[in-house]
Amino acid sequence: MTRETGDVTRVDHGRTLMSGEPLVFHCNHYNYWLQKTLLLPEGLGMRAVIRDAASSAAHAMITQAARERGATEPAEILRIAADCFSALGFGTMDFSGAGEAGGAVRTPTSHYGQCLRMASGADFAEPQELFDQGYAAGALAAAHGRPAGSYAARSEASQSMGAEVGEIALAPREAPADFFTAPGRGPHAAGDVPPQSPDTNVDEGAVLSALAGLDLSGNEEGLLPRFGVILTNHFANFYDRISFEFVRRMDGTGMLDMAEELLVEAGYRCAFNTFGGIMTSAEWDAVVKPQCKTTEDWVHGMVAVANALGWGVWRVHELTPSRLVVRIWDDYESTGYLGMYGESDRFVSHLAAGGVAGLMNLVYPGRIAERPTLDAEYYARIFESPERFEPRGVKCMASGDAYTEVVAER
Amino acid sequence: MKPPFEVERDARCQRGLRFLYRARFDPDALADALDAAYDGMVVRHVEALGDTRTERVIVQFQVEYRVGEREGEVSLTHRVSASPEIRARSHRVLEDTLTRLAA
């Protein structure tokens, strides 16, 4: 399968860029849970935030990808946009019904339209393809040399509500003056990261080089089933924008702490499903499990795999059966926050915090090595258990620290 | 008669899409037999991970069979756009093939 996408660049600290936009892997369950969380409080205007974040990141990537490929005609640029959409695991997008005056974009397959339903277990009452809408709008704007916010998008047919094919209507509009601009890679840590902890039998370098041999791009449907989950290789700036805008808008209603707790909860869900899926997968059995001689090795092994997800470099600083300290260089939440808002006076790495505690919950009370069935009942049992781990953000790159540090304890 | 395989349905993020079959089979023979069952209209790809060699047999827009990920296990993952009839056929092809190889 030949696709014409933007240039993929590996940069320091485990980060990957496509045409300058940082990418991170996340699964359908996290995408479902995060979006559900953000849309839960009514009146925050989060649907538009999600659409616009997608539009901005897509516009930046596609504009740069077109330059890299020497594409100048709208049809060529839209072909690249469709190929990128599929390569990153978002589905398939057909721009043949859209021109500079707008029109209809179809999605025969869609991660947000079809794969969130597997996570939720049911159809939705409202379209979930907000990302697709934003991507289509950003792509059309990039193809016609217009600013990122130049098209309004709405769902005409939603697969998340049962339609066979998704359809998005695009109409030109005046780009809002304060339209969000994706900051690209953003500020990042300078200098070297300490080596992997010596207190483990897991060879992180061997894990990373084995995983580097896997094809982690979308299949012919533009979807990416792997590790027992359905992955997307998603825009870090998209996740950052929608998460931080949610926190900012919740702060405006006096519910700042609750907003942050909800994002940590989304991190737990990510750990349970993505980490849990990975740690019970055939890929884990082939590469990591043979190196795991102790329970602690399971934590080190998952940290090694996490370092292939584009989330920054995680280092286990301290690990006992009741406490884990992880230091992270260039965690994508910090770098995104710095690029979008500047320095923060609060800890912002909520996904990382939920991920660190979630990992401990899987390994210790969750006994993941025994391959339990990772269903909703099991989630409730281990994440609500008195033995559960809870995270504390101690340091944060977004607040000026050299690295982000999360402590998980029980 | 009891079939010569067991099936486990994925109850998680690939709910309704992914099924694990456990049986006794020779991985190469199974991959070749699946290929033949579709008259060669498949895409085959070998994935090496550590000491594990997985043969992916893909019928585009229908199904992907992964043979050899774990000993005695073959996974069947439907493509999202596969119709109920195609999904039923994908199961039938694998089950018939496993039954034939076990005979």
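## Close-up views of a predicted model

**View 1. Strands β8(A) and β9(A) run antiparallel, and three bridges join them**. Strand β9 covers residues 229–235 of chain A, where a strand is a DSSP run of E with at least two residues and a helix a run of H or I with at least four, both numbered from the N terminus. Within β9(A), V229(A) is the bridge partner of R226(A). The model is predicted, so that local features need pLDDT of at least 70 and side-chain atom pairs count only at pLDDT 80 or more, while totals for chains, interfaces and linings use all residues. Residues are numbered from 1 along each chain as its sequence is written, and chains are lettered from A and ligands numbered from 1 in the order in which they are written.

**View 2. An open, antiparallel sheet of chain A has five strands in the order β1-β2-β3-β9-β8**. Two strands pair if DSSP finds at least two bridges between them, and the edge strands β1 (8–11) and β8 (224–226) of chain A each pair on one side only.

**View 3. Helix α7 (residues 236–251) of chain A lies across β3 (21–27) and β9 of chain A**. The helix runs at about 75° to β3(A), with axes fitted as lines to C-alpha atoms, for helices over the stretch in contact, and angles running from 0 to 180 degrees between N-to-C directions. Residues are in contact if their C-beta atoms, placed from the backbone, lie within 7 Å.

**View 4. The contact between the chains takes 29 residues from chain A and 21 residues from chain B**. On the side of chain A that touches chain B, α9(A) gives the largest share, five residues.

Methods:
Contact = placed C-beta atoms within 7 Å.
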